[in-house]
There are 4 protein chains.
Amino acid sequence: MQTNATDEQIQSVVARMVEIGFNVHRTTGTVQTILAGVGTPGQFDHKDFELFAGVAEVVRISSPYKLAGRSFRPEGTVVTFPNGVKVGGDEVVVMAGPCSVESREQIFTAASQVKAAGAKFLRGGAFKPRSSPYSFQGMGLDGLKLLREVGDTTGLLIISEVMEISQIEVMLPYVDCFQLGARNMQNFNLLREVGLVRKPVLLKRGIAATIEELLLSAEYVLSGGNYDVMLCERGIRTYETYTRNTMDISAIPVIKHLSHLPILGDPSHGTGRRDMVPAMARASVAAGADGLLIEVHPNPDKAVSDGAQSLFPQQFSKLMDELRIIAPAVGRTIATATPQSQPATVSVG
Amino acid sequence: MQTNATDEQIQSVVARMVEIGFNVHRTTGTVQTILAGVGTPGQFDHKDFELFAGVAEVVRISSPYKLAGRSFRPEGTVVTFPNGVKVGGDEVVVMAGPCSVESREQIFTAASQVKAAGAKFLRGGAFKPRSSPYSFQGMGLDGLKLLREVGDTTGLLIISEVMEISQIEVMLPYVDCFQLGARNMQNFNLLREVGLVRKPVLLKRGIAATIEELLLSAEYVLSGGNYDVMLCERGIRTYETYTRNTMDISAIPVIKHLSHLPILGDPSHGTGRRDMVPAMARASVAAGADGLLIEVHPNPDKAVSDGAQSLFPQQFSKLMDELRIIAPAVGRTIATATPQSQPATVSVG
Amino acid sequence: MQTNATDEQIQSVVARMVEIGFNVHRTTGTVQTILAGVGTPGQFDHKDFELFAGVAEVVRISSPYKLAGRSFRPEGTVVTFPNGVKVGGDEVVVMAGPCSVESREQIFTAASQVKAAGAKFLRGGAFKPRSSPYSFQGMGLDGLKLLREVGDTTGLLIISEVMEISQIEVMLPYVDCFQLGARNMQNFNLLREVGLVRKPVLLKRGIAATIEELLLSAEYVLSGGNYDVMLCERGIRTYETYTRNTMDISAIPVIKHLSHLPILGDPSHGTGRRDMVPAMARASVAAGADGLLIEVHPNPDKAVSDGAQSLFPQQFSKLMDELRIIAPAVGRTIATATPQSQPATVSVG
Amino acid sequence: MQTNATDEQIQSVVARMVEIGFNVHRTTGTVQTILAGVGTPGQFDHKDFELFAGVAEVVRISSPYKLAGRSFRPEGTVVTFPNGVKVGGDEVVVMAGPCSVESREQIFTAASQVKAAGAKFLRGGAFKPRSSPYSFQGMGLDGLKLLREVGDTTGLLIISEVMEISQIEVMLPYVDCFQLGARNMQNFNLLREVGLVRKPVLLKRGIAATIEELLLSAEYVLSGGNYDVMLCERGIRTYETYTRNTMDISAIPVIKHLSHLPILGDPSHGTGRRDMVPAMARASVAAGADGLLIEVHPNPDKAVSDGAQSLFPQQFSKLMDELRIIAPAVGRTIATATPQSQPATVSVG
C-alpha cells in the first residue's frame, strides 16, 4: 500500500483478496502496510489490484506455471524417441537439414550429409508460412512423404513444423517430432491440441517472448498430458540489427534453472547469417544446451528459402568436430561422425 | 562490394543477379564497386547475397509491399460500413466495450453506456485465448449471438476477434468487422482467409512487429481482394516495464505516411493500466489516428478479464468530451454524445 | 523462499536481513514462507539475496527515490524563472531553436521566429558531442555569448546543454537553464555538481533508461539541494527503426503519476524526422506534457547538425496554432503568437 | 527516389549531393531512379536527404568508421603489455577480481585467488558511480595505490575504470589498462582524452549501443593515436528481465568480422547473477572471445557492491578448468592454474 493509504483503502483491498480466495497476511511497518495473499485462488489478474485506491505496487510471488517448473521434476526430463535417441540425457543431440524440402534429390543428399557428420534428426519444412504473400509456400504433403521415406532409409528421426490444428493429423504418420515455430508460441488452441497427441513437441521461443511466457506456453502442452516437450531458443528481437535476431544464449542456463524441460539452441534463426552460425552453435553447447537445430543445405546459394543462414555441408561437419571438443567441458558428449563410404551422392531411387 | 573485391567475385554476384531476373547496373568508384539490380524478379531473399565473397553490404531499395503502400491509393482508404459509418474519413471513430462478453446484462449495459458517450462500434470478445491455460476462455457462440442482438437493438456496429480459420464462418453472420489480434498478425493462413471474405478487417500490430511487417501482413489480406483493412497500434514490447507495453504513438503518423489504410490506436492494450488510457487516447487522436479501440466495462473491478485496463463508463464519457476538443486541431470531428434518457439500465429481456 | 526451503536456509536469510538493518516479518503459508524486511537500512543491493540458498524471488517494494517521488510534494513542482515564466503551471511552455548555434545571423533569426510563434525559451547547443569524431563539434564559448545576447535582446530564456563538470562554471553566466542530455543521464558526477548550483536543470531520459532510472538520476540533483528539476522524454531505443527512436509518450502520464517534477516532450529527438515532429508534439501536449523542446532552424537544409529533424519556421508556427486548440482539453494554455512587425529578418547588429 | 519523383526533384537532390562533394551516378530503371554518391565528402548527415521531396530512401553504403574496421588491419590487433601478456593472440586472457577495492586484505586475497586459477589481470574499481546517490562510491586514490601494490607483488596486470577526464592523470601511475564503462561509451570528450595517452584501453559496449556505435566510439580513441584498444561485450538492455541484461554473445563473432580489435566478454555484468556467469563465460570463449572480465570476490555475500554477480573463488577456479577444455575448439589456449603453495591467506603486511 502507499505510505498515505487510509485504513478504509486497505480494508477494501483486503476484502477483494478474501473474495477471490486468498488468506491475507498484513505487515504494518512504520511507513507502509504490506498485504500478502497466500493460497491458490481461481481466475484473477494480479494487475487488477494496481488500480485500487491506495495501492503502491502489486507483486506476484509464486510462479504461474507448475508442470513446467523445475520443482515438478527436479531430476530433469529426458525425451526418449522410438529408436532410443534421448534428448536431455548425456548426449547433445543435433537436428540438421534444410529450411524447406525442395526435391527428392535435395532432401536425400542433405540427409546423408548431416547423418555422416553426426546429426540424429533431419529437419525440413513442408509448410512454409512467409512474411510476404509472394514467396514460396512449401511442398506440403509431398514434402512430408519424402521426409518419412528419407527417415526410414537413413534412420534419422524426422522433425517438421506444424502450423495449424488441421495439420496435426496430416503430419502424424510422417514425423517423429512436431516443431512449433516462434510465431505460434502463443497460438493457444494449437498448443492445446498438440498437448493431446502422444508425440514429442519442440516449442520455439517467440521473438518477443519472455522466458516466463515460453514456460507458460509449455504448460499448455503439458497440461494436455503430453510430457515430451523440448524448448528452443532461437533469437529475440532487440534494437541491434546487424544480426537478424539477438540469440539469447543466457536463456539456456536460465531455463535449465527454472524448468526440467530440455532446451535446445537454434543458431541459424538466432543469427540469420551463415558465418555466425558456428560460433553461436559452439556457444549454445558451452552454455549447456541439450541439443541444436541447425540449417544445412547441400547448396545454400540455390536454396529457395533461408539460404543465407544455411551451412554448407563441409562447414557443418567441421562444426561438429569443434562441438566434440567442447561437450566434455559441460559433462556431455556428441555422436561421432560416420564418414560416408561413398561421396556426396546417394541413390535417390 | 568490398573495397578489395576481385573482378571474379564481382562477376559471380552479377551472374547470380541476372539468373534471378535483374537488370544489373554497375557503378565503379575510386574505392568501391556498387551493383544495382533493377526489375521485379521472382522469389529470392536479398540477404542471400550478403554471403557471396567480396560483398560488403546488401540493401533492398524498393518496399516489399505494393497494395498497402500509400502510392497505391494516394487519397487514402475510407472503409464504409452498411449503416454509413466511415473509418478514414473526417470523423474519428471510437470502438468501445468490454474485453469479453460475460453476460446479457453486462453487454447490454456496456453498449448503452458507450453509445451514449459517442462510440460507433461495440467491441467484445467471444473467444478469449489466454496466456495461462487455467484462465477464462470466453463465451463462444453464445457471446456472438448476444453481440448481434445488442448491435441490432442499439445500432452499434459489432467488432470481435477472430482467432482461427474455422471461426470465420461461425462469426460471419454476427459481426460487422473482424478483429485480428496482435498474436495473429503473422498467422499468414488466417490472413489469407480473411482476405477472401467481404467484411472489413481490423489488423493489430504484433508486440514485436515492425511497421513494415504490419504492412506486409495487411498486404496478405489486400492481395486476397479484401480492401477494407484498418490497422491498429496497440503497444510494442520494450525494456520499459512500468506499462505493460510501450504504445508507439509515432506509428500513427508513420503509417499515415507509408500507407493509405486507416490507422487506429488501442490505448487499453497499449498501456495495460486504466489510469493511463485517457492520456494515450488523447495522444492518439492528436497524432492523427482515424479511430480508437477502448476497453470500457460497467464494473471493471468485477471484470473476468482485463479489468485493470478497462475504463469506468463515466471516465469514458469524460474522455470523449476531451477528444471533442482535440479533434479539430487535426481537422477531424468526434460524434456528439447522446445522453441516455433513462439511467444506466436498459431493458435486457 | 522456495517451497522446499529448509529452516536453516530461512534463518540464514533472516540473519543477513537483520545484519543489514531490517526488521523482519515472516509469513508462513501452506506452501511457502515469505520474509518481509521493513525499515530503511544502509547500503545493500536487494539482488544479493537472490543467490542465497532457498530463495525463490526477491522483490523491492518501496521505491528507491524519495525526493523525486510524487508523495514528497503531492501538489507538483512549478519551476519559476526570473522573468516570471513558470514550467509546471497552467501554461504549456515551448522551448525552440536550432540544434547548434552556427552564426550570429542564424541564431538571431531563429530567436525572432520562434518568439513570434509563442516560444518562451531559445534552445541552442554550444558544445556538440557527436558520435563520429569527424563531425562538427560546436562554437563553444562564442556560441554561449551569442545566446546570452539574443536572450537579452528578445526576452527569451536560454537553455543549452552542459556536457561536463568543467562547463558548468563556464556556462553559468550565459544560460537560464542547464540541459543534461540523454547520454549524460547517468553521469552521476555531473548530476551531483548541477545539484549544487542554483539554476534550473532539464534532465533528459537516456535512450535505454527506464522511468525509474530517470527518477533516480533526478534524485541525484535534488539531493544536492537544487529543486528546480524538469524531466524530458526524448525517445527510447526499440527494435523499430523507421523512426530514429521510439518516443514513449506514455512516459508523460506515468511520470506525472510517480513524480512531482514537470515533464516535457522532445519530439525532434524522439522521432529524428521533421515530418513526424508536429504529430508527436501534439501527442505530447494531449498526454499532459508541461512543455516541449523542439528543433527549429531558419534553413534546415543547410543546418550543420540535425537538419533532418528541424522544423521550418512556418511549420513551427502552424504547429503552435494546433497546440493552442489542444491545450484546453487538458486544462492548459499556450502563449499567444506575436506576429513579427517586420518579416523574417531582424537587425543583427 | 520515389517512383513518381519529378525530374526537378531529382535535379535538386543531385545538386545538393554535388555541393557536398560527391560524384553522382544515376541509374534509371523502368520504375525508379537511383542516385549513388561516390567519394569522401566532409560533414553531412545522410539522413538529411530523406526529407527532400521525391526521395524514397537514403542508404549509407560505406561504413562510418575507418581505423576500427577490419580492413584497416586485416591480420587483427594484438595488444601487448609490458610483462609480455598479449590480448588478441593465441591465449584467451582472463581479467578477474572484485567489483570494488574494499580493503587491503580483501584485494590481496582476491589477487592471490584469481592468480592461482590462471587470471592475468586483476580488476577492481576505485571510483564507483552508482545509480542511487545513497550508495557506496569507492575508495578513490587509496584504492588505486592498493591495486598498484598488489599488482607489483603478484605480477598481475591492473585494470580499473576511469570515469572522467580528471581521473586519467590520477590513475596513470597506478594502472596498466584503463577501463571505460558502458555508461561512458559515448562520453566523447573522455574518449578523445584516453586516445591521447599511451596506455591500453578496454572499451565496454553501452547497454543500448549498437555494434556500429561501439566501433565508432573505438574510432575516437584510435583517431587520437592510441591503437591499443580492446572492446568488451557486457550485455544489452532488452525486454527480458530475468537476467539484468541480455548478453549478446553474437556480438563477439560479429565484431571479429567487422573489426581488427580484440573483443572480450563480461559475463558478470552480462547476466547480473552469479549462477549464470560460468555458462556465459564458457559461451564467450566458445564464440571466439579474446578474453574475459569476471567478478570474483573472496566473500561475495559481504561485498559492498555487485555481490550477487561475483563468483566465489572456488567457482572461478572450476570455471577456468572448464575453459581450458573449450579453448582448443577455437584454436586457443588458457593459462594453466598455479595452485597456491599456501592456503587462501597471503601476507598483507
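Modeller: Let's start with a term: a salt bridge is a side-chain nitrogen of Lys or Arg within 4 Å of a carboxyl oxygen of Asp or Glu. The structure holds 68 of these salt bridges over all chains. This is a predicted model, where local features need pLDDT of at least 70, side-chain atom pairs count only at pLDDT 80 or more, and totals for chains, interfaces and linings use all residues. Side-chain values use heavy atoms, leaving out hydrogens and water, residues are numbered from 1 along each chain as its sequence is written, and chains are lettered from A and ligands numbered from 1 in the order in which they are written.

Colleague: Why is the pair D176(A) and R148(A) called a salt bridge?

Modeller: Their N to O distance is 3.4 Å, and the limit is 4 Å, so the pair counts.

Colleague: What makes D176(A) buried?

Modeller: Buried means under 20% relative accessible area, exposed over 50%, and partly exposed in between (1.4 Å probe, protein chains only). D176(A) has 14%, so the label is buried. R148(A), at 16%, counts as buried too.

Colleague: And K318(C), buried or exposed?

Modeller: Exposed, because its relative accessibility is 53%. Its salt-bridge partner is E322(C), at 2.9 Å, N to O. E322(C) is buried, because its relative accessible area is 11%.

Colleague: How do you know that K318(C) and E322(C) are separated by about one helical turn?

Modeller: Because they are four residues apart in helix α10 (residues 313–326) of chain C. Helices here are DSSP runs (H or I, at least four residues), numbered from the N terminus.

Terms used: Helix = DSSP H or I, 4+ residues; strand = E, 2+ residues; numbered from the N terminus.
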